[in-house]
Amino acid sequence: MHSGTFLTQFILEEQRSIPNATGDFTGLLNDIVTACKTISHLVNRGGLIDILGTAGTENVQGEGQKKLDVISNEVMVKSLEWTGHLAAMASEEVEGIISIPNQYPKGKYLLLFDPLDGSSNIDVNISVGTIFSILRCPDGVPEPTEKDFLQPGTQQVCAGFCIYGPTTMMVLTTGHGVNGFTLDQDIGEFILTHPNMTIPKDTGEFAINMSNQRFWEAPVQRYIEECIQGKEGPRGKNFNMRWVASMVAEVYRILTRGGIFMYPWDSRDPSKPGRLRLMYEANPMSFIVEQAGGASSTSQQRILEVEPEGIHQRVPVILGSKNEVERVVAYHKEA
Ligand code: AFP
């Protein structure tokens, strides 16, 4: 597909390549795109309307919610519940699964999303985004429950994120590579600007929150120490560092120029296996990264093969340029 193609045309041509496609998936994807355009508009309005700051509530993670967290979640639910493409939804901002109201038809897909990832960055005007993952609802399940969502990341039909940055971009995979679309605000359409995004196998750039260094396991300490030793150290080259504290921004950067992103296990709260959520952050981002030629691991196993135990479970995340991720995994094996 060539640059300049509209996202709607791209999705329709994808559908034509799928035998017996009914158009349900195409309809669902177009509805998700509409929801993201609405969130983009709200994020861009920022301080012009009263949507910055905290909502004064907590989400299921016990984290303070920003007003835009709550609003973005509402936009996703209200834009998708009536479409007839979904059997149910799950959101970072909602404890249980989100059922489809009885007055609407149900469809064959399950949608999981983080409506506004990186929301601690909103008030300081740093890029944030929406991350989503689409699974098939198991056959013969009229009323899905949480267990129907607990499918490993390899079962994803589609994964994507929309980054609300200097430009609003949609990054998508349906298992045939990764494509990036830029929102043309004048016509309200996403245009294919980054076809077939590919992550370089090597990198000289790592992304990790260094303030947690004293809490990391030894293999992570070793890997980062070697990066910092640069040319004079065992790596024989200098590294650069980034930490935006917005996963969508880190992953988008890695898709465009390589890098390794790490949110490893740390001993601050041993009961928490990591900070990032498996079902609607790690899994969709891992599907995208692998489809772009990168790798994604908990340090012990491929993230896409983790057997989920709960829709809000957390995992350690090490993803990006394949050779660097494999090095970190090797250090864990040696330890
Ligand atoms: P928020 O959505 O609460 O801002 O968290 C963002 C995030 O889940 C992910 O996008 C970042 O990579 C990571 O957390 C940042 O975590 P730290 O604030 O601990 O650096």
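Strand E5 (residues 109-117) and strand E6 (residues 128-136) run antiparallel and are joined by 7 bridges. Two strands count as paired if DSSP finds at least two bridges between them. Strands (E, at least two residues) and helices (H or I, at least four) are DSSP runs, numbered from the N terminus. Within this pair, Phe 113 stands opposite Phe 132 in E6. The model is a predicted one, in which local features need pLDDT of at least 70 and side-chain atom pairs count only at pLDDT 80 or more, while totals for chains, interfaces and linings use all residues. Residues are numbered from 1 along each chain as its sequence is written, and side-chain values use heavy atoms, with hydrogens and water left out.

E5 and E6 belong to an open sheet of 8 strands. The strand order is E4-E3-E5-E6-E7-E8-E9-E10, and the pairing is mixed. Strand E4 (98-99) and strand E10 (189-194) each have a single partner strand, so one side of each has no neighbour in the sheet. Helix H6 (residues 247-257) packs on this sheet. H6 touches E5, E6, strand E7 (158-164), strand E8 (168-173) and E10. Contact here means heavy atoms within 4.5 Å. The direction of H6 makes about 105 degrees with that of E7. Axes are lines fitted to C-alpha atoms, for helices over the stretch in contact, and angles run from 0 to 180 degrees between N-to-C directions. Helix H7 (residues 278-291) lies across strand E3 (86-91), E5, E6, E7 and E8. H7 runs at about 85 degrees to E6.

The protein is divided into domain 1 (7-194) and domain 2 (205-334); the bounds come from an automatic or database domain assignment. Taken over C-alpha atoms, the domain centres are 24 Å apart. The contact takes 47 residues from domain 1 and 31 residues from domain 2. The two domains bury about 2900 Å² between them. Buried area is the accessible area (1.4 Å probe) that two parts lose on being put together, summed over both. Carbon and sulfur atoms carry 65% of the area buried between the domains. Ile 131, Leu 150 and Phe 161 supply 18% of the area that domain 1 buries against domain 2, more than any other three residues. The count between the domains is 1 salt bridge, defined as a side-chain nitrogen of Lys or Arg within 4 Å of a carboxyl oxygen of Asp or Glu. The side chains of Glu 92 and Arg 277 meet in a salt bridge, at 2.2 Å from N to O.

A second open sheet has 5 strands in the order E12-E11-E13-E17-E15, again with mixed pairing. Strand E12 (240-242) and strand E15 (295-297) stand at its edges, each with a single partner strand, so one side of each is left without a neighbour. The twist averages 15 degrees from one strand to the next. Strand E11 (residues 205-207) pairs with E12 in the parallel sense over 3 bridges. Ala 207 stands opposite Arg 242 in E12. Helix H5 (residues 218-229) packs on the sheet and touches E11 and strand E13 (260-263). The direction of H5 makes about 140 degrees with that of E13. H7 also packs on this sheet, touching E15 and strand E17 (317-320). Its direction makes about 25 degrees with that of E17.
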